[in-house]
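Have a look at the model first.

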Amino acid sequence: MAPRKPHSFRRSLVLLLVAASALLRIYQLDAIPPALFRDEAEKVYNAFCLASTAHDCSGKLLPLFIDVFGVTTSAIYQYAAVPFVWILGVGEWAARLPAAFVGTLTIWLTFLAAERLWGTRAAFWSALFLAFSPWHIVFSRWAQQGIFLPLWLSLALYCWALFLGRRTWAVLGSGVALGLAFYTYDVARAFVPLLVILLCTLYYRELRLQWRATIAAAGALLVVALPTLYLLFFHTG
């Protein structure tokens, strides 16, 4: 059964919540936390290099992964920072605004996913707790790719909820989002497979009935995640 549409008052509350969340994540973003951490400086500089030459600071053309100071990370944050560097130049705002934007967007997506799955009241409380979560606020004010993990998970669950609501091919969006989650934080490499196993177990009948869409979604997840899986298994150093 499709969830009831929230009243305009509830919609207004959600919009106010998202606006308050954005303010909480943007206020004095250039000063709190003070100065740029080394990893933040690397990300905004590589974003500048990508925006200027399409190469990272080591000369690689449009890399999926960047090796800096002997540590290899995905380039998802650097690419997200490119438009901010174009507009604002190299600095604290360009480095941290992608995180603030992604963090705020995640709250909205969390509301949409929870609304589809459990109704408006549960959706509001879910978004509220995430909006004022100290963990989420800190990651939303710091240039670090981990902030993308809850974004892709909330998007995957929203697409999954659409799939359960008989929008069959929305499951393809879940596959792509879960594949992108591999490029965020190391814990995703364990969490995403466990989540996929859980969803396949709980909704085996629905997936079997829509087997074409299921195969397409599994293929999309594998294709998107393949570069990071290859790096993990064959270039562990």
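## Ground rules

This is a predicted model, so local features need pLDDT of at least 70 and side-chain atom pairs count only at pLDDT 80 or more, while totals for chains, interfaces and linings use all residues. Residues are numbered from 1 along each chain as its sequence is written, and side-chain values use heavy atoms, leaving out hydrogens and water.

## Fold and dimensions

The protein has 11 helices and two strands (DSSP runs: H or I of at least four residues for helices, E of at least two for strands, numbered from the N terminus). Along the sequence they run α-α-β-β-α-α-α-α-α-α-α-α-α.

The C-alpha trace spans about 50 × 45 × 25 Å along its principal axes. As for burial, 44% of the 237 residues count as buried (under 20% relative accessible area; exposed is over 50% and partly exposed in between, with a 1.4 Å probe and protein chains only).

## A closer look at A35

A35 lies in the loop between α1 (8–26) and α2 (38–53). A35 is partly exposed, at 49% relative accessible area. Leaving aside residues up to four places away in sequence, A35 touches E40 and R96 (contact means heavy atoms within 4.5 Å). R11 is 24 residues from A35 along the chain, and their C-alpha atoms are separated by 37 Å.
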